[in-house]
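Please open the structure in your viewer and keep the selection panel at hand. The tour below goes from one selection to the next and says what is to be found at each stop.

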Amino acid sequence: MELTVLGQDASEQAGGCSSGSCGSSGDQMSHLPDEIRKKVENHPCYSEEAHHHFARMHVAVAPACNIQCHYCNRKYDCANESRPGVVSELLNPDQAVKKVMAVAANIPQMTVLGIAGPGDPLANPERTFDTFQQLTEKAPDIKLCVSTNGLALPAQVEELSKHNIDHVTITINCVDPEIGAKIYPWVFWNNRRIKGKKGAKILIRQQQKGLEMLVAKGILVKVNSVMIPGVNDEHLKEVSRVVKEKGAFLHNVMPLIAEAEHGTFYGVMGQRGPTHDELQVLQDDCSGDMNMMRHCRQCRADAVGLLGEDRGDEFTMDKIEDMDIDYEAAMVARAEVHAQIEKEREAKRNAPSQAFVALADLQQSGKKTRPVLMAVATSGGGVVNQHFGHATEFLIYEASPEDVRFISHRKVELYCSGGDTCGDAETALQKNIRTLEGCEAVLCSKIGYEPWGLLEEAGIQPNGEHAMEPIEDAVAAVYKEMADGGLLDEPRQVVAATA
Amino acid sequence: MAYSIIETCVNCWACEPLCPSKAIFEDRPHFRIDAKKCTECEGEFADPQCASICPIEGAILNGLAENANPPGSLTGIPPERMQAAMAEIQAR
Ligand code: SF4
Ligand code: SF4
């Protein structure tokens, strides 16, 4: 990755998320053609920078599915659960439209509506397209997107293109039926349940065909893959290559989440998920090949609010029934808020960053310092602004002399808040600290004594000195302190055994 | 003879639009099949449609009141493994 010199070439970077909040020379958007970049620029799921400012929501209107995946249990529906595809409130299209408009009127930052489940949206075409149709008419300022396993995709591309849906996500875990048979036990195709390799072959064919057809229609395609160690981990590099060749604009590799209590095949059979390190290595391998997306938080399918922050409870159907929404007025207010956000983003983009200049100096000094991972507690806005104890997830950044780049999210307390019902006796705090394994510093607005001590013991330096500063600047500043202190000349001393 | 849906149904809607006889209907606490209308898909499809898409083992019984999708047949999880895992979770 090359060195970013901020403000040097404004014309080339104009409109992109070239600096400031994104802060990364590995800007994911820079390789994209202008019209595609425009489409994804404000999409919180696709743009690293936009998710600090804009929000998305999903509505659960699509219950039926046409395949079975080994990481999914169709029986599971628990309020403690926040894996993708798991929701508690099934809505009909009219209810969904009402909910979306209520949320849009109350949370102007909400710019994207997705249908992702709990089944497969394209296996429920009437419900899915009825929802899209109504929203296109009633709330034209909301972007629409849809996720699918791809089986029914070729048959629905024409219909999708009518609804002006410019984002489609296909979950593609393999391009080889042998591997597919280990992930998909069956598909329902041409009125029959087809098991094993034969079924996987049909699914793969449909996914690839659907991808090609969408690209040919000029519809943006993102590909999601679930990384399953020992099953498709190596193979995903091939998947990345193939989908890129066919024109997918982003490839998002997510970790398998498997616990016996989920009742999934992988959970019960003891298939493990990848470690943070394994995931990161694969994401790096694939990014050499293609633009990767790292900030997917595998959000709950009916989550409402800024990414990672679930405000669903404020908008349950009974509460929405009582709301009186004047959407015409709401649209005006929304447009104002969006303009204000745009102004702030623009200002951030143009503001020269002290930290980067400092990093450039560092590099010029010829001193070779190693890269460092840092965890950041933030509740949004692109700044360090959250108390360590309030964080439900940490953003992981990698700092090096060349660059500060966003790597991933790590949820703490993962998806289960059930305490003793799900998991061992380890305290939440110890668990959270273990989640930060590999990081050498954690940046937050404040932190208590107990976690401070435990973090230090684990070799992670707590840092509350950069509260309210832009994340990348704060990370760069901490990196510089560490480098100046001579902490980074040697490879890291491993404190705890790493996985 | 007719297929039937029992209480393990999770109301996922997958079967309802597929039935050639319009025998399946939404109901509480779960979907049901009108036994008078169900033709077991005779003359329409090689396999009974509801039982071929239903993702839940044990939710649908065939005309002989047998489980159309026995334990392990859809998820691939051997029933003993499932029992052992559940027992282990209970014990915690
Ligand atoms: S067996 Fe066929 S006819 Fe009978 S309920 Fe199922 S789908 Fe309908
Ligand atoms: S497919 Fe099975 S689980 Fe779904 S509604 Fe029909 S009977 Fe119930």
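Begin where the two chains meet: between chain A and chain B the count is 1 salt bridge, a term that stands for a side-chain nitrogen of Lys or Arg within 4 Å of a carboxyl oxygen of Asp or Glu. Select Asp47(B) together with Arg192(A), the two partners of this salt bridge, whose closest N and O atoms are 2.9 Å apart.

Before going further, note that this is a predicted model, in which local features need pLDDT of at least 70 and side-chain atom pairs count only at pLDDT 80 or more, while totals for chains, interfaces and linings use all residues. Residues are numbered from 1 along each chain as its sequence is written, chains are lettered from A and ligands numbered from 1 in the order in which they are written, and side-chain values use heavy atoms, with hydrogens and water left out.

Now widen the selection to the whole contact (heavy atoms within 4.5 Å), to which chain A gives 25 residues and chain B gives 28 residues. About 2200 Å² is buried between chain A and chain B, with 59% of that area coming from carbon and sulfur atoms; buried area here is the accessible area (1.4 Å probe) that two parts lose on being put together, summed over both.

A cavity is a set of points, on a 1 Å grid over the protein atoms alone, where a 1.4 Å probe fits but cannot get out, and its lining residues have an atom within 4 Å of a point.

Select Cys9(B), Asn11(B), Cys12(B), Cys15(B) and Cys54(B), which among 14 lining residues lie nearest the centre of the largest cavity. This largest cavity has a volume of about 110 Å³, counted as the space filled by probe spheres set on the points, which are joined across faces, edges and corners. Ligand 2 sits in the largest cavity, in the sense that more than half of its atoms lie within 2 Å of the grid points.

Finally, move to the second largest cavity, with about 90 Å³ of space, where Cys19(B), Ile24(B), Cys38(B), Cys41(B) and Cys50(B) are the closest to the centre of the 13 lining residues. Ligand 1 sits in this second largest cavity.

Notes
On a 1 Å grid over the protein atoms alone, a cavity is a set of points where a 1.4 Å probe fits but cannot get out, and a pocket is an open set with protein on both sides within 12 Å along at least five of seven lines; lining residues have an atom within 4 Å of a point.
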